[in-house]
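User: Before we discuss particular residues, I would like each label in this analysis to be set against its definition.

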Amino acid sequence: VTGGIVTHNTGRISSADPNLQNLKRPEEDAFNIRRGYIASDDDHNLGVFDYNALEMRLLAAAAEDKDMTDIFLSGKDIHMGNADAIFSERLSKKHGCPVSYADFVHAKKTSEKVKAGELPAEALTPFLKDLVIYRGSSKTVSFALVYGMGVESLASRLGIAVAAAQDVIDSFMKRFPPVQRLMHECV
């Protein structure tokens with residue numbers, strides 16, 4: 001295999017021929033494709049770097065948002081943590097039971113097992129489906145804010161009315177005031 005690292009004038013690094021950035025994570029690599037990549041000799045090493053939620057990490061640090069930073073420091077998934085912080089009360093009212101971060105984790109794992117055929121579709125109850133949807137919405141909202149997406153575009157992406165999208169943004173900002181302050185300062 002030949003190929004190389006391409007450094008863009010934006011500071012991004014990518015690889016080509018083959019694009020090693022598209023390899024599956026080790027836990028998802030059923031065919032052990034990663035094992036086929038070996039350093040050319042003892043003087044060279046291959047590195048694996050995962051910029052997991054980098055934009056969200058930068059947002060939490062730049063805003064100096066303790067709650068968001070605590071989500072990362074506790075090893076939690078930022079999008080589940082944000083969904084828990086923003087939507088738990090709404091989901092608790094809708095389903096008549098308390099909703100926690102652990103519920104979001106359970107919903108994601110159940111959804112993955114249903115997709116993999118390890119569990120029947122019925123295992124993903126309406127309650128769990130809502131949690132998966134709200135985690136996805138949280139992720140979309142988070143990245144929309146980081147990249148300056150407008151409320152109309154967010155509404156379109158989430159498949160909801162503009163007023164509902166504004167409500168979601170307002171809920172996010174209310175829950176994370178330092179992020180709101182940073183956004184206003186940056187504009």
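Analyst: A helix here is a DSSP run of H or I with at least four residues, and a strand is a run of E with at least two, both numbered from the N terminus. After helix 6 comes Gly 159, whose phi is positive, near 70°. The model is predicted, so local features need pLDDT of at least 70 and side-chain atom pairs count only at pLDDT 80 or more, while totals for chains, interfaces and linings use all residues. Residues are numbered from 1 along each chain as its sequence is written, and side-chain values use heavy atoms, with hydrogens and water left out.

User: Why does Ser 138 count as buried?

Analyst: Buried means under 20% relative accessible area, exposed over 50%, and partly exposed in between (1.4 Å probe, protein chains only). Ser 138 has 1% relative accessibility, and therefore counts as buried. This residue is found in helix 5 and, leaving aside neighbours within four places in sequence, is in contact (heavy atoms within 4.5 Å) with His 79, Asn 82, Ala 83 and Phe 87.

User: What puts the buried residues of helix 6 on the same side?

Analyst: In helix 6 (residues 151-158), the buried residues are Val 151, Leu 154, Ala 155 and Leu 158. They cover an arc of only 100° around the axis, so they lie on the same side of helix 6; the arc is that of the directions from the helix axis to the C-beta atoms. Their cover includes helix 5 and helix 7 (162-175), whereas the face turned away from the buried side carries the exposed residues Glu 152, Ser 156 and Arg 157.
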